[in-house]
Amino acid sequence: MSGLEIERKFLVRRGGAYKQVATSCSHIRQGYILCEGATVRVRTRDDKAYLTIKSHSRDGGLSRYEFEKEITPDEASHLLKLCAPPIIDKHRWLVPAGDHTFEVDEFHGENSGLVIAEVELRGKDDTYEKPDFIGPEVTGDYHFSNSSLRSLPFCKWSAKVPEAYREDVEEKEG
């Protein structure tokens, strides 16, 4: 897939309400190959793998060019070894809402406690229905990009996010 990616990103209210309305869940591991001028990502999602190159956004994070190609899991395994540590680990829940589907990412490891939802749009002015669990918009806030979470994990700045949008990691593990 290649083309312009237009998406909005939001914090998700704590409590896991999105799980009750999700139509599927998958496990994702992704790493980043350091590259100036673009983001190069290697991702495994369940039993599939992808190589993605994204340009930097010029409109506050709302849109950017994206090239994505499916690769074999074996190729991904080799490419993940070239990625800068750590590898992002998360579960993605797909939640339909009106004509759109929100992708809700529940992060693990050093990013535990962070849950973010994204919705891809057909155009910058495309309207969408927001489910009740969706909180404040963080589109364009670099802290919430996956590539930033690799280098500056959520555990180092989680106190800056209102408590209503931080999952209680101890509660989930206990």
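Let's start inside: two strands, β7 (100-107) and β8 (115-120), each give at least two residues to the lining of the largest cavity. Strands here are DSSP runs of E with at least two residues, helices are runs of H or I with at least four, and both are numbered from the N terminus. Keep in mind that this is a predicted model, where local features need pLDDT of at least 70, side-chain atom pairs count only at pLDDT 80 or more, and totals for chains, interfaces and linings use all residues. Residues are numbered from 1 along each chain as its sequence is written, and side-chain values use heavy atoms, without hydrogens or water.

How do you find empty space? Rolling a probe the size of a water molecule over the atoms shows where it is left. On a 1 Å grid over the protein atoms alone, a cavity is a set of points where a 1.4 Å probe fits but cannot get out, while a pocket is an open set with protein on both sides within 12 Å along at least five of seven lines; lining residues have an atom within 4 Å of a point. Points are joined across faces, edges and corners, and the volume is the space filled by probe spheres set on them.

The structure has one cavity of 30 Å³ or more, and the largest cavity holds about 30 Å³. Around it sit Lys9, Asp105, Phe107, Ile116, Glu118, Phe144 and Asn146. That makes three nonpolar, one polar and three charged lining residues. For these classes, Ala, Val, Leu, Ile, Met, Phe, Trp, Tyr, Cys and Pro are nonpolar, Asp, Glu, Lys and Arg are charged, and the others, Gly among them, are polar.

Now for the largest pocket, with about 920 Å³ of space. It is lined by 42 residues, and the closest to its centre are Thr39, Arg41, Lys54, Arg64 and Ser145. Strand β3 gives the largest share of this lining, six residues. By class, the pocket lining counts 12 nonpolar, 14 polar and 16 charged residues.

Two spots in the backbone deserve a look. Pro85 and Pro86 are joined by a cis peptide bond, with omega at about -5°, and Pro86 belongs to strand β6 (residues 84-97). Then there's Asp46, in the loop between β3 and β4: this residue isn't a glycine, yet its phi is positive, about 55°. Asp46 counts as partly exposed because its relative accessibility is 48%, and that class lies between buried (under 20% relative accessible area) and exposed (over 50%), using a 1.4 Å probe and protein chains only.
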